[in-house]
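Try each task first, then follow the solution step by step.

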Amino acid sequence: MVNTVNNPDTAIIGAGIGGLSAAIALQQIGQKVKVFERASELKEMGAGIVLSANAIKALGNLGVAEQVRQAGSPVKKAEIRTHDGQLIVNMPVHKQADRYGTYSYLIYRPELHRILYEKLEPDTVVLGKEFLRLEQDSEKITSAFEDGETFNSGLLIGADGVHSRVRQYIMEESKLRYSGFTAVRGISSYEDPRFPVELGGGFEAWGNGKRFGFSHIGKGRVFWFAAINTPRGSLVKEENKRYLALQQFQGWWGPIADVIDSTKEEDILVHEIYDRKPLKKWHKGRVTLLGDAAHPMLPNLGQGGAQAMEDALILARNFKQCTIEVEEALSQYEQERIPRVTKIIKGSRMMARMMQLENPAAMMVRNQILRHVPDHFKINRLDWILGYKA
Ligand SMILES: Cc1cc2nc3c(=O)[nH]c(=O)nc-3n(C[C@H](O)[C@H](O)[C@H](O)COP(=O)(O)OP(=O)(O)OC[C@H]3O[C@@H](n4cnc5c(N)ncnc54)[C@H](O)[C@@H]3O)c2cc1C
């Protein structure tokens with residue numbers, strides 16, 4: 001086993017968006033890669049995900065943007081309304097698409113996973129392999145799995161999500177921070193003439209400490225989500241999820257109750273939302289982190305998946321460009337990534353506070369301000385996120 005960047009065999013823990021993207025990016029530069037995933041089959045949670053311009057650019061570099069466009073739905077309409085349906089903002093999605101050369105896309109998560117998975121060389125992903133711990137010496141990293149097997153590699157990437165075990169090896173566990181809200185997400189085949197499929201996209205309605213959003217995600221599916229301010233531990237239930245969601249949005253704008261009502265109980269997910277304080281270092285020796293394992297963020301800027309893909313590309317680029325030691329390439333990777341994701345973690349928190357306001361006077365002021373923000377300001381404000389090319 002060698003430990004220069006020219007030829008490290010790489011182990012990736014976790015086959016989420018981050019792990020699969022990293023495997024593609026490393027295979028593109030000729031690295032040997034194995035991805036170890038604890039789930040026995042590759043099925044992502046049945047929700048939708050928005051892929052903004054920077055994510056589409058990253059997917060282009062991974063060689064799958066066209067497949068994603070085919071399988072997803074372009075966001076050609078993005079309105080923000082009050083809880084009873086009055087328009088606050090019509091997002092300038094066409095102008096944004098002109099600037100970045102692409103619309104944002106919404107896609108069913110399992111479709112995105114399938115596309116990434118199919119881009120990999122055969123037998124890259126090993127399923128049913130739960131990573132337990134690792135040891136590292138000057139020659140190799142030895143990963144130990146729950147089934148008693150071990151695997152040696154020259155580099156290890158922890159892409160094992162928000163509760164990452166690899167992260168525990170790199171640093172003392174830092175506490176999760178509760179966002180103050182619970183997310184409820186559903187998939188259905190609801191149809192509404194106000195939101196025709198060919199227009200793509202949809203709306204968000206903002207009420208008192210609650211938000212509801214609805215969008216097309218391609219292939220006749222719609223995705224809805226709700227973010228509800230709640231004390232920790234109070235809303236997550238295994239049963240009656242549809243009833244619970246309907247109760248929360250009683251009296252809201254017309255399509256909301258209908259779309260919830262059209263959803264099967266098993267197609268509804270309820271999760272409390274957390275992030276962590278940004279880290280200052282992601283690696284120890286030849287072990288590093290990527291995606292939510294490195295930087296879990298609130299979903300309010302829709303960037304968690306996008307940032308995992310950007311990580312993957314930048315990591316691979318640092319390996320490709322250098323003829324240096326692995327550790328130096330890992331340092332360069334995190335120096336490039338940490339400032340950007342730290343800003344996005346903080347930005348997502350700020351957005352969450354603004355979106356989940358409860359005070360009626362503050363909400364009125366917010367809505368009035370938003371109504372008068374010119375399009376160019378809305379676009380420029382997000383340019384540092386969406387205009388980035390990994
Ligand atoms: C409500 C909500 C909405 C969101 N919306 C968006 C959005 O619109 N756009 C966007 O870009 N992002 C969004 N995100 C964020 C996005 O979902 C995540 O940032 C992204 O999925 C992170 O990918 P990942 O690969 O880093 O981690 P994960 O998706 O968590 O994948 C980790 C993988 O590692 C595996 N694993 C874990 N532990 C082990 C182990 N010990 N051994 C082996 N395997 C293991 C897991 O099974 C899993 O497959 C949203 C998140 C939430 C919660």
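What is the mean pLDDT of the chain?

**Solution.** The mean pLDDT is 92, and 96% of the residues reach 70 or more; pLDDT is the predictor's confidence in each residue, from 0 to 100. Now look at residues 1-7, where the pLDDT is below 50. Beyond near neighbours in sequence, that stretch has 23 contacts in the model (two residues are in contact if their C-beta atoms, placed from the backbone, lie within 7 Å). Where pLDDT is low, the predicted coordinates should not be read in detail.

Two housekeeping notes before you go on. Residues are numbered from 1 along each chain as its sequence is written. The model is predicted, so local features need pLDDT of at least 70 and side-chain atom pairs count only at pLDDT 80 or more, while totals for chains, interfaces and linings use all residues.

**Exercise 1. Find the order of the five strands in the open sheet with parallel pairing.**

**Solution.** Start with the terms: helices (H or I, at least four residues) and strands (E, at least two) are DSSP runs, numbered from the N terminus. Two strands pair if DSSP finds at least two bridges between them. The order is then 8-2-1-12-18. Strand 8 (125-126) and strand 18 (287-289) are at the edges with a single partner strand each, so one side of each has no neighbour in the sheet.

Next, look at strand 1 (residues 10-13) and strand 12 (residues 155-158), which are joined in the parallel sense by four bridges. Here T10 is opposite L155. Helix 1 (residues 17-28) packs on this sheet, where it touches strand 1, strand 2 (33-36) and strand 12. The direction of helix 1 makes about 175 degrees with that of strand 2 (axes are lines fitted to C-alpha atoms, for helices over the stretch in contact, and angles run from 0 to 180 degrees between N-to-C directions).

**Exercise 2. Work out which strands stand at the edges of the three-stranded open sheet.**

**Solution.** This sheet has the order 9-10-11 and antiparallel pairing. Strand 9 (131-136) and strand 11 (150-153) each have a single partner strand, so these two are the edges. On average, neighbouring strands are turned by 20 degrees against each other, direction ignored. Strand 10 (residues 141-145) is linked to strand 11 by four bridges, and A144 is opposite T150.

**Exercise 3. Explain why helix 9 and helix 10 are described as roughly antiparallel.**

**Solution.** First take the geometry: the axes of helix 9 (residues 304-321) and helix 10 (residues 326-355) come within 9 Å and cross at roughly 155 degrees. Angles under 35 degrees count as roughly parallel, over 145 as roughly antiparallel, 65 to 115 as roughly perpendicular and the rest as oblique. Helix 9 is therefore roughly antiparallel to helix 10.

Then turn to the residues. Among those meeting here are I314 and L315 in helix 9, and Y333 and V341 in helix 10.

**Exercise 4. Determine how helix 1 and helix 9 are oriented to each other.**

**Solution.** Their axes are 8 Å apart, at an angle of about 25 degrees. Helix 1 and helix 9 are therefore roughly parallel. The residues that meet include A22 and L26 in helix 1, and M309 and A312 in helix 9.
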